[in-house]
Amino acid sequence: MLTEKDSTKTKEILDSKKLYIFDMDGTIYLGKNPFDFAVRYINKLRGSGRRVLFFTNNASHDPKFYIEKLTRLGFSPTADEICTSGNVTAAFITRKRAGKKVYLLGTAELYRQFKEYGIDMVCDENGVPDGREADIVVTSFDTTLNYEKLTVACDFIRYGAEYLCTHPDYNCPTETGFIPDSGAIAACVAASTGVLPTYFGKPYPETAEMICEITGEKKEDMLIFGDRLYTDIATGKRHGITACLVLTGETKTSDVDAASEEEKPDIMLDSLASAEKLMFG
């Protein structure tokens with residue numbers, strides 16, 4: 001594992017890539033607060049002719065929300081620079097489960113995103129069922145979660161519906177601390193039903209495949225920055241993408257020491273400020 005102290009080799013790897021993939025929460029901002037050095041670094045990458053992709057597991061919002069948020073925070077994104085675990089999950093359903101009826105435990109934004117993909121939903125955007133049976137239940141990071149929605153989702157799964165989950169993150173970092181995320185909700189559903197979901201988002205193969213598809217870049221020409229070992233870093237390690245951990249979010253150095261080889265980053269930096277310094281002085 002390389003660090004900023006291994007400046008020559010680390011700079012060589014950072015300089016060699018064509019596509020730089022950025023996690024959002026904990027990597028380029030916390031809640032409503034952007035990291036100024038992240039804004040500078042990403043603008044410099046674009047200015048040097050390199051490509052940028054923002055990928056978040058947080059499916060509680062749709063890409064339109066992230067375009068508006070990242071624009072407001074100074075990152076100047078284009079539509080083709082945004083992708084979420086919601087995109088990956090919806091694409092899987094439309095391609096691999098075409099025609100199946102879906103119940104969603106998620107936000108109204110994710111519901112509308114699924115509808116835009118043409119998915120047949122058996123509930124409204126508030127999770128109220130329409131009386132039909134669900135073939136698939138999808139749970140996600142639902143900031144509008146209530147007991148009724150939780151009960152309906154569990155019932156459908158007990159009746160035999162396939163169980164999918166947009167992403168495995170247990171906590172979402174915010175400017176005031178961590179809040180329960182999709183993985184925590186999935187753990188509750190799994191405990192009640194005895195059924196484990198099929199997960200999407202980082203670090204699962206559908207995500208790496210979608211990034212290749214939408215960018216046209218080879219995995220060896222990519223680098224992913226993130227603050228979580230079991231999602232961001234594991235995405236790189238499992239799928240041949242160079243993985244760089246930044247310590248501005250969830251992970252501490254003690255977590256890295258205790259991690260499996262599959263979750264140990266190729267590079268570890270204090271923040272994206274270190275990447276900026278190494279590449280651009």
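How many positive and how many negative side chains does the protein have, and how far apart do the centres of the two sets lie? There are 33 positive and 43 negative side chains, and the two centres are 4 Å apart. Keep in mind during the tour that this is a predicted model.

**The whole chain**

The secondary structure consists of 11 helices and 15 strands. The radius of gyration is 19 Å, close to the 19 Å that the globule rule gives for 281 residues, so the protein is as compact as a globular protein of that length. Along the principal axes, the C-alpha atoms fill a box of roughly 60 × 40 × 35 Å.

Of the 281 residues, 55% are buried. Among contacts with a separation of 6 or more, 69% join residues 24 or more positions apart.

**Stop one: Ser140**

Select Ser140, in the loop between β8 (136–139) and α6 (147–158). Is Ser140 buried or exposed? Ser140 is buried, because its relative accessible area is 0%, and the limit for buried is under 20%. Now show what surrounds it. Beyond residues up to four places away in sequence, Ser140 touches Ala59, Leu105, Leu110, Thr166, His167, Ser182 and Ile185.

**Stop two: Glu109**

Move to helix α5 (residues 108–116) and pick Glu109. This residue is buried, yet has no salt bridge. The nearest side chain of opposite charge belongs to Arg112, 5.3 Å away, whereas a salt bridge needs a nitrogen within 4 Å of a carboxyl oxygen. Leaving aside neighbours within four places in sequence, Glu109 is in contact with Ser60, His61, Asp62 and Phe65.

**Stop three: two backbone details**

Most residues other than glycine have a negative phi, and most peptide bonds are trans. The last two selections depart from these patterns.

Select Ser76, in the loop between α3 (63–72) and β5 (82–84). Phi of Ser76 is near 50 degrees, a positive value in a residue other than glycine. Ser76 is partly exposed, with a relative accessible area of 48%.

Finish at Pro203, in the loop between β12 (198–199) and α8 (205–215). Show the backbone atoms of Lys202 as well. The peptide bond from Lys202 to Pro203 is cis, with omega near 10 degrees.

Notes
Residues are numbered from 1 along each chain as its sequence is written. This is a predicted model: local features need pLDDT of at least 70, side-chain atom pairs count only at pLDDT 80 or more; totals for chains, interfaces and linings use all residues. Side-chain values use heavy atoms; hydrogens and water are left out. Helices (H or I, at least four residues) and strands (E, at least two) are DSSP runs, numbered from the N terminus. The radius of gyration is taken over C-alpha atoms; the globule rule is 2.2 Å times the number of residues to the power 0.38. Buried means under 20% relative accessible area, exposed over 50%, partly exposed in between (1.4 Å probe, protein chains only). Contact means heavy atoms within 4.5 Å. Lys and Arg count as positive and Asp and Glu as negative; His and the chain ends are not counted. The place of a charge is taken as NZ of Lys, CZ of Arg, CG of Asp or CD of Glu.
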